[in-house]
Amino acid sequence: MSTPTSNPLREGAAARKIVEPCTVVVLGATGDLARRKLMPALYNLAREGYLPARFAIVGFARRPFTDEAYREDVASSLNEFSRVRPGSPDEAAPFISHVHYQQGNLDVTEDYEALRLRLEQLEKERGIPANRLLYFAIAPEFFSPALRCISESRVLVRRDARPDAGPFGRIIVEKPFGTDFDSAVALNREVLAHFDESQVYRIDHYLGKETVQNILAFRCANSIFEPLWSSRYVESVQITVAEEVGMPGRRAQYFDKAGMLRDVVQNHALQLLCLTAMEPPASLDAESLRDEKVRLLRAIPQLSAEHVGRMTVRSHYTNGSIGGKAVPGYRDEELVPKDSITETYVAWKMEVHNWRWAGVPFFIRAGKRLPKRATEIAIMFKEPPHQIYTDASMDRLTNCLVMRIQPDEGISLSFGAKVPGLATELRPVKMDFRYGSSFGTSVPEAYERLLLDALVGDSSLFTRADEIELAWKLVTAILDGWDAQKATSIPTYPAGTWGPQEANALMEGLHHGWRRL
Amino acid sequence: MTGTKSGTRETDFLLGIPVPVKPESIDRELSSMWKAASGDAPMDSSSSPVTRVCLANLIWIGSTESCERARRVLSAVAQRCPSRIIILEVDGDDPNDDLIEAFVNAQCFITGAERQQVCSEFIHFRLGAGAVAHLSGIVAPLLLPDLETVLWYFSPHPAWQSGVEQIMPLLDRYVTEVSTSHDPAEALEHVIDAHLRAFTLGWFRLNSLRDRIAKVFDDGETAALLPQINSLEFIHDGAPANPNVLTRCALLAGWMASRLGWRALAGASDGSFLFQGNASIVNVRVSGEGRSRAGLIESVRIGFTRGESITLNLGGVGSSTHATALPGGRGLIMPSLGAFSELEEAEALGAAITTRGASALFRESARLAVPMLRHFHTTKAKG
């Protein structure tokens with residue numbers, strides 16, 4: 001990885017990530033992910049000067065595009081999906097000129113050999129060393145064939161992380177990384193049979209969000225909160241990933257096999273939990289960060305089948321209304337089986353068995369067709385040990401620190417303040433920091449940050465093999481517990497409400513319930 | 001000050017119309033304006049909630065003639081760096097004129113998915129020249145604690161110097177514009193020697209250009225050419241003797257010299273300036289095309305000892321980079337990607353407020369720019 005100090009003109013200036021000359025290959029280049037996220041992200045990186053002069057992008061997919069036809073497709077995706085749209089074709093032209101296309105099947109080694117020859121030719125023409133980043137923007141069923149073909153055709157070869165190991169070769173894979181613990185372990189084994197762990201970048205795009213990165217900055221760059229960040233002062237933690245949407249288009253086909261626990265909790269919600277509850281790392285390097293996340297996950301006990309029933313609630317939505325419009329129930333959505341018991345809502349009460357968090361319940365809830373889209377982490381603090389404001393007419397006040405991940409990104413702290421006047425009355429007030437207000441700059445998309453990090457070889461925002469497996473272990477215990485229940489139906493909640501009544505039982509014994517966002 | 005009155009003081013305040021207030025009770029008046037704006041006053045029911053945000057105290061001092069321009073720039077700065085903005089407009093030259101008038105307004109913009117109004121505060125003083133002697137007493141009580149305080153002072157006036165010096169201890173950062181001085185080189189020396197973090201705004205206007213030039217040499221192959229630089233030519237579109245652009249060219253060259261370890265030698269009779277570079281003498285020249293009054297740096301040509309050169313076009317979107325063949329016959333690079341033109345004044349001022357740790361780099365670069373600027377200024381002025 002190039003460092004700013006190797007270019008003396010960068011000395012003394014703010015550190016900037018420098019990408020070495022390289023080629024980015026997008027497998028599945030004509031799919032939604034490539035069009036909506038990857039190409040726009042690469043374009044915005046180029047616009048902001050992060051891509052090197054010597055680079056190329058090669059799309060690889062089955063459709064019979066020429067370079068020209070694919071470039072037109074990419075140009076139109078930039079106009080439609082880019083965070084900053086090109087003002088004119090001329091503006092995008094310098095970027096587009098770096099884009100190429102190679103037709104091929106994702107599971108045919110000969111097609112990858114043709115891809116390798118094409119890469120070698122481009123690298124020679126453009127003077128690019130054989131640094132290659134392969135993005136797997138493909139359906140899970142193609143992972144294994146693609147890995148095998150890449151390895152057999154030597155598009156990428158195994159390299160370890162030593163600086164003198166030669167040109168880099170990296171792969172980026174999207175979730176789902178497996179469907180349960182066993183499949184995740186098998187997939188990891190398969191990937192690591194072909195490549196070194198240092199070459200593998202497993203994306204959870206939540207980790208690329210500005211606000212998610214701010215969790216660590218908030219905890220570790222400020223000394224005032226760390227003393228409060230433990231069972232001594234924290235009563236409970238609630239992590240919410242709420243979606244307004246239901247099942248757009250063909251999404252139900254994938255989702256009904258997965259469910260909310262696999263689709264959202266196993267990855268995004270558990271990553272938020274890790275960043276909130278882990279020990280501060282010794283440094284910001286990838287291994288230190290990921291070591292602490294793994295340590296945290298190891299401290300969470302797996303639920304037995306009996307405990308699954310008491311500590312989790314699963315549910316799906318029935319018809320209701322969102323934003324004033326009537327919406328159908330989950331089983332009435334197109335492509336959802338009428339007898340489906342796939343959960344669109346899950347609530348999970350968990351414990352963390354370590355000195356910092358013993359006795360503090362952590363609650364995760366994630367759901368579709370909830371009243372609004374919102375992702376947040378709420379730290380609910382304990383009441384004062386001795387309450388001198390005991391007027392029965394006053395509501396209890398809860399000190400609550402909320403990190404809002406999306407939308408309305410920011411952090412707020414609620415506390416009680418005396419209402420001006422002759423009576424002794426307290427009311428909750430909120431101190432609020434909002435990203436959008438305080439920083440006038442446009443925030444990069446998560447994919448821009450993640451792609452840039454993969455290009456410079458910084459894996460701190462990507463998940464490690466053991467991290468993934470531990471997360472799956474916890475989730476698989478719940479899936480097994482649910483299977484053991486042999487349920488033919490699960491609780492329901494009307495679309496547009498905050499979930500099933502059954503979820504409230506998880507909050508028994510606490511003086512507050514689920515936060516109403 | 002412009003703006004039509006619309007109704008109540010509170011409404012005018014939120015609409016950005018300066019509302020007269022008593023100078024001795026500005027904070028109290030502001031408090032009541034914000035309180036009214038947050039819901040107690042009779043506001044339109046469709047108004048979105050108002051959020052007051054403040055990242056810095058930003059002070060401007062200048063004459064009535066330059067006030068309108070300053071307000072425009074400060075309004076633009078407020079959108080990217082919401083601040084408490086204190087405008088000190090000095091009206092006239094009469095040292096016996098002790099006038100102090102004060103006006104306040106909010107500067108609001110809509111942001112975020114929830115269409116929230118985010119507002120900065122403007123406190124505008126109209127001062128007689130005699131009142132400048134009491135600047136500290138005017139400004140000090142109004143500075144919000146725990147925030148950086150920045151003074152933007154682009155047209156220093158000798159009569160105001162003692163007043164400005166009174167508020168220097170209150171400042172964290174001082175931003176001027178040396179090119180407006182009758183002797184930019186001398187003004188730049190004063191900035192370098194100032195005790196606090198002082199800058200000339202032109203330095204921040206060059207942020208993206210420095211990045212663009214550095215980017216060419218991020219590539220290991222081109223980085224190897226750095227020790228072989230033997231010429232720099234800056235081409236701008238202003239008049240040859242335009243002090244603004246001469247200052248910025250000198251700062252850019254000074255920056256390169258400081259990073260690459262060059263030593264300033266002397267001005268040459270052809271108007272260029274010579275440095276002792278790594279492998280040879282480096283000849284730095286500036287050429288003006290005379291097409292515009294403002295003057296923007298359009299390109300820089302970097303020459304190497306073996307005869308090759310790289311020309312970077314620095315103006316505008318999608319501008320391209322050319323190169324001649326390098327040893328080995330392979331051409332170098334490529335289209336430039338993205339816009340790398342000089343920052344607008346408001347952007348530059350915003351960067352001046354928010355950039356951390358720029359002081360050492362600026363000083364080292366400016367020290368090397370001073371003799372160059374002195375030489376350019378002298379020879380270009382002679383024509």
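Student: What are the helices and strands here?
Tutor: This is a predicted model. Its helices are DSSP runs of H or I with at least four residues, and its strands are runs of E with at least two. Both are numbered from the N terminus, and both are DSSP runs.

Student: In which loop does A:Pro176 lie?
Tutor: A cis peptide bond joins A:Lys175 to A:Pro176, with omega about 10 degrees. Strand E5 (169-173) comes on one side of the loop and H6 on the other. A:Pro176 therefore lies in the loop between E5 and H6 of chain A.

Student: Which peptide bond is cis, with omega near -20 degrees?
Tutor: Look at the loop between strand E14 (400-406) and strand E15 (410-418) of chain A, where A:Pro407 lies. The cis bond with omega near -20 degrees runs from A:Gln406 to A:Pro407.

Student: How are H5(A) and H6(A) oriented, roughly parallel or roughly antiparallel?
Tutor: The axes of helix H5 (residues 143-153) and helix H6 (residues 181-194) of chain A come within 10 Å. They cross at roughly 10 degrees. Angles under 35 degrees count as roughly parallel. So H5(A) and H6(A) are roughly parallel.

Student: Which residues of H6(A) make the contact with H5(A)?
Tutor: H5(A) brings A:Phe143, A:Ser144, A:Leu147, A:Arg148 and A:Ser151. H6(A) answers with A:Leu187, A:Glu190, A:Val191 and A:His194.

Student: What is the order of the open sheet of nine strands in chain A?
Tutor: The pairing is mixed. The edge strands, each pairing on one side only, are E16 (426-434) and E18 (492-494). The twist averages 20 degrees from one strand to the next. Read across, the order is E16-E15-E14-E13-E7-E12-E11-E8-E18.

Student: What is the bridge partner of A:Ser236 in E13(A)?
Tutor: Strand E7 (residues 234-242) and strand E13 (residues 374-381) of chain A run antiparallel. Eight bridges join them. In E13(A), the partner of A:Ser236 is A:Met380.

Student: How many residues of strand E11 of chain A are buried?
Tutor: E8 (residues 312-318) joins E11(A) by four antiparallel bridges, and A:Val313 stands opposite A:Ala347 there. E12 (residues 362-367) pairs with E11(A) over six bridges, also in the antiparallel sense. Across that pairing, A:Val346 stands opposite A:Ala366. E11 (residues 345-350) is mostly covered, and its buried residues number five of six.

Student: How far apart are the C-alpha atoms of A:Met311 and A:Pro328?
Tutor: Along the chain, the two residues are 17 residues apart. Their C-alpha atoms are separated by 29 Å.

Student: What is the relative accessible area of A:Lys293?
Tutor: A:Lys293 lies in helix H9 (residues 286-298) of chain A. A:Lys293 touches A:Leu207, A:Gln271, A:Cys274, A:Met278 and A:Glu467. A:Lys293 is buried, at a relative accessible area of 2%.

Student: Is A:Arg369 buried or exposed?
Tutor: A:Arg369 is found in the loop between E12 and E13 of chain A. Its phi is positive, about 55 degrees, although A:Arg369 is not a glycine. At 14% relative accessibility, A:Arg369 counts as buried.

Student: Which helix gives the most residues to the core?
Tutor: The largest nonpolar core has 147 residues. A:Leu27, A:Phe95 and A:Trp348 are among those with the most contacts inside it. With 13 residues, the helix that gives the most is H8 (residues 251-277) of chain A.

Student: Why are the buried residues on the same side of H6(B)?
Tutor: In helix H6 (residues 184-193) of chain B, the buried residues are B:Pro184, B:Ala185, B:Ala187, B:Leu188, B:Val191 and B:Ile192. They share a side because they cover an arc of only 160 degrees around the axis.

Student: Which exposed residues does the face of H6(B) turned away from its buried side carry?
Tutor: That face looks away from the buried side of H6(B). Its exposed residues are B:His190 and B:Asp193.

Technical notes:
Residues numbered from 1 in each chain as written. Chains lettered and ligands numbered in written order. Predicted model: local features only at pLDDT ≥ 70, side-chain atom pairs only at ≥ 80, totals over all residues. Heavy atoms only, no water. Core = buried A, V, L, I, M, F, W, Y, C linked by side-chain atoms within 4.5 Å. Buried < 20%, exposed > 50% of the residue type's maximum accessible area, 1.4 Å probe, protein only. Pairing = 2+ DSSP bridges. Axes fitted to C-alpha atoms, helices over the stretch in contact; angles between N-to-C directions. Arc of directions from axis to C-beta. Parallel < 35°, antiparallel > 145°, perpendicular 65-115°, else oblique. Contact = heavy atoms within 4.5 Å. Lists of a residue's contacts leave out its neighbours within four places in sequence.
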